[in-house]
Amino acid sequence: MDTTVPGITFDAAGECNFCALHDKLDRAFPLGAAGRQKVQELAADIKRLGRGRKYDCILGVSGGRDSSYTLWYCVTQLGLRPLAVHFNDGFGNPVAGENMVTACRKLGVELRTITSDWRESKDLKLAFLKASTPDMEEGTDLGIATALYGVAAREGVQRIIIGQSFRTEGIAPLSWNFLDGKYLKAVHRQFGTVPLRPWTPNDPGFNLGLKEMFYYTFVRRIKTVTLLYHVDYVRTEVDALLERELSWQNPGAHYFDDLYQSVIYYLNRTKFNIDRRLFNYSALVRSGQMPREVALARVAQINSIEDERVINLCIKRLGLTRAEFDRIVAAPPRTFRDYPNNYGLIRLLRWPIKVFSRLNLLPESAYDKYFNCGT
């Protein structure tokens, strides 16, 4: 991590606040025997709440390494009965799609794909390009969350499992990725042209503001479980297992289960001077899963995810010519602070958010995301 990261600070020993956060999380979520015990406690809670139901949890899948391993682990090691849920906004990688279908078939798990209204998802992607902010995946990120909450509400399930870990991914700096329903609606109101459908509990669409979160969290008592926080999960050791057990194929790069990531990484680098690999690789270095020298050598090269053919395919899918796309993204860079959002209110709710994160009423990383990940 370096000074291209907004809000980064270094102490006298040259250690940054993101490293300090990683070490704090490492202590809060230990591995080894303590981690295994915690996983068993979580699994017992999930089974208890799901007794008598067809599914005892909702598990988000993308066909990438992390979610595929989480699915395998939950079924074969913990004996859970998940409903696998995938959010499709029209930019899925076919390799990842095949991975999901094959894994679910081999494990005997039902796969349910929530396909967004193409007009809405396309309009949101265009709106965020015009908004000129680096968090161009806002619609997809929020759509994934609402798909999981909506299915959980529909099925009466109280636990959602996601395949995410601070040890392998880190936590994105706040101004690089700010997830907020009010912010999404403000950008769409200014730049969108297609009305977003209204919220209903079982079909939330792209609506996930504070009142919707209150409903899912406190009325429906739905909790998100970041299982990999407690599992000795080493990425380099997983590929062979997934290939053997699930006939899994590498989609080509981390996050490349979503083809639109080609556009995101390209614009982050050329327009915003952002390399998202910084926080991903730093987490792997801090976890002992990647030598620092290897990480530095890799970020010195352009990410292979920036495939010009895929970028042009995505631009075409948005209904733009390359010239139109270039004109849109030539606007001066901005951040979420240039649009109405809930950040001020979130700051006022600092202590409740901290408590709710520790109780898993909110995702475990929620507090650190908003208060310990830069400015």
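With a relative accessible area of 1%, Asn 268 is buried (under 20% relative accessible area, with exposed meaning over 50% and partly exposed in between; 1.4 Å probe, protein chains only). The model is predicted, so local features need pLDDT of at least 70 and side-chain atom pairs pLDDT 80 or more, while totals for chains, interfaces and linings use all residues. Residues are numbered from 1 along each chain as its sequence is written, and side-chain values use heavy atoms, leaving out hydrogens and water.

Asn 268 belongs to helix α11, residues 261-272 (helices are DSSP runs of H or I, at least four residues, numbered from the N terminus). Beyond neighbours within four places in sequence, the contacts of Asn 268 include Pro 134, Met 136 and Arg 276 (heavy atoms within 4.5 Å).

Turning to the cysteines, the whole structure has zero disulfides (cysteine sulfur pairs within 2.5 Å). The sulfur of Cys 57 lies 5.8 Å from that of Cys 74, the closest one, which is too far for a bond. Cys 57 is buried at 0% relative accessibility.

Trp 199 and Tyr 216 form an edge-to-face pair, because their planes meet at 75°, with centres 6.1 Å apart. Trp 199 sits in the loop between α8 (181-191) and α9 (210-219) and Tyr 216 in helix α9, so this pair ties together parts 17 residues apart in sequence. Trp 199 is partly exposed at 27%, whereas Tyr 216 is buried at 0%.

Definitions and conventions
Helix = DSSP H or I, 4+ residues; strand = E, 2+ residues; numbered from the N terminus. Phe/Tyr/Trp six-rings, centres within 6.5 Å; stacked < 30°, edge-to-face > 60°.
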